[in-house]
Amino acid sequence: MVKGYCGIKVQSTDSALKSLNKCICEWFFMRFLRICLLAVFFTAILTLPEVVAHAPFSAGENESLETASIIPDPTKSWAIYKELHEGGEAQYYRFSISEGERILVSLFISPVSKDEGFSPGLVLMGPGISSQGIVPDYVEMPEGIGAIVLEEKPSEQATYEPFSPSSFYPVASVEIDAPSSSTYYIAVYEPYQGGHYGLAVGYRETYTLEEWILIPINLISIYQWEEQSLPLIFAPMMIVLAIGSGLIAWRRPSRQIPMKLFNWMGALAGLLFLGSGVTVLSQMIIALTRTSPVLEIGVTLVLAAIPILLGISTLRLSLKVEEKIKTRKRIYFVALGLLALFAWAGLLVGPILAIVTSFLPM
């Protein structure tokens, strides 16, 4: 009996070499994990100024000027996803802004609505605006104000959005300086049929903490706006969970120490992270069926790689079954959960599971 490397007692030189190899692998893994965590952190910091774009905005029933959805800060960049239910319907938004501040509004539609011939119009109304175009009779308009009417055909080329990822067809855009400090109105209408449209309002790109964390949930509504079904949206995640869980259950019986709740919870968090990355890649492929390959694909690939990297690291920690869990390992789970929360990995459930796992007993 000789004392082997890393304090492990071994029976022979052969065993000593195996122990040495195991220790080297563990040493490299822990350093690799630290490098991965640092890479994810610095990637998030460096890309934050570029990533912050349109914050989601939920508009309620707004089929009249009286019930117009109020945009709280029109200088902040908002994204509104809605549906006109029938032709001859208009939906309204209003906001207050100071004189001289920039008003920026863009209208776009979903790919399926483009295929169906949906072509909405946009009206910007407010005091001091020089009127352009004719406002349709069925569009409500306050007295004594001007209006800019934009009735343009949707672009023939879809635009690729790398952070969702998704695609859409631009329709119209208006940008002016507010003529006076007052309330302004936006109307979206279509004389013949209904369809899915989106509004991008504002230019100041910023997010609250809540808006940032809830982005993965809001993306689901965007994919539904594109008329994707929930089974299609969640299919990549479900496939990863099914295959991953099956492989873990199939391989673990051959190990000496059985997996316990701590290990299974951590493994589930890791699979959810992996599923998020695969979902991003699948949505990228769907979006690219409408658009030509663009350089922004690189951004999407980075956003997919981060949750995949987090998933691999979390699974590696979870599948290493030990009699006693070290404090350092618990700290790693907390760190991975927090990073995943801000990296949009695991649909909120994964990060919560990773953090909860760190407090579980063996």
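Analyst: Two strands pair if DSSP finds at least two bridges between them. Strands (E, at least two residues) and helices (H or I, at least four) are DSSP runs, numbered from the N terminus. This is a predicted model: local features need pLDDT of at least 70, side-chain atom pairs count only at pLDDT 80 or more, and totals for chains, interfaces and linings use all residues. Residues are numbered from 1 along each chain as its sequence is written, and side-chain values use heavy atoms, leaving out hydrogens and water.

User: Which residue in β12 is the bridge partner of F95?

Analyst: Y184 is that partner. Strand β12 (residues 182-190) and β6 are joined by 9 bridges and run antiparallel. Strand β4 (residues 69-70) runs parallel to β6, with 2 bridges; there S69 stands opposite Y93.

User: Why is β6 largely enclosed by the rest of the structure?

Analyst: Buried means under 20% relative accessible area, exposed over 50%, partly exposed in between (1.4 Å probe, protein chains only). In strand β6 (residues 89-97), 7 of the 9 residues are buried, so the strand is largely enclosed.

User: In what order do the 6 strands of the open sheet run?

Analyst: The order is β3-β5-β13-β7-β11-β10, with mixed pairing. At the edges, β3 (55-57) and β10 (159-161) each pair on one side only. Within the sheet, β5 (residues 78-84) and β13 (residues 195-201) are antiparallel over 7 bridges, and L84 has G195 as its bridge partner in β13.
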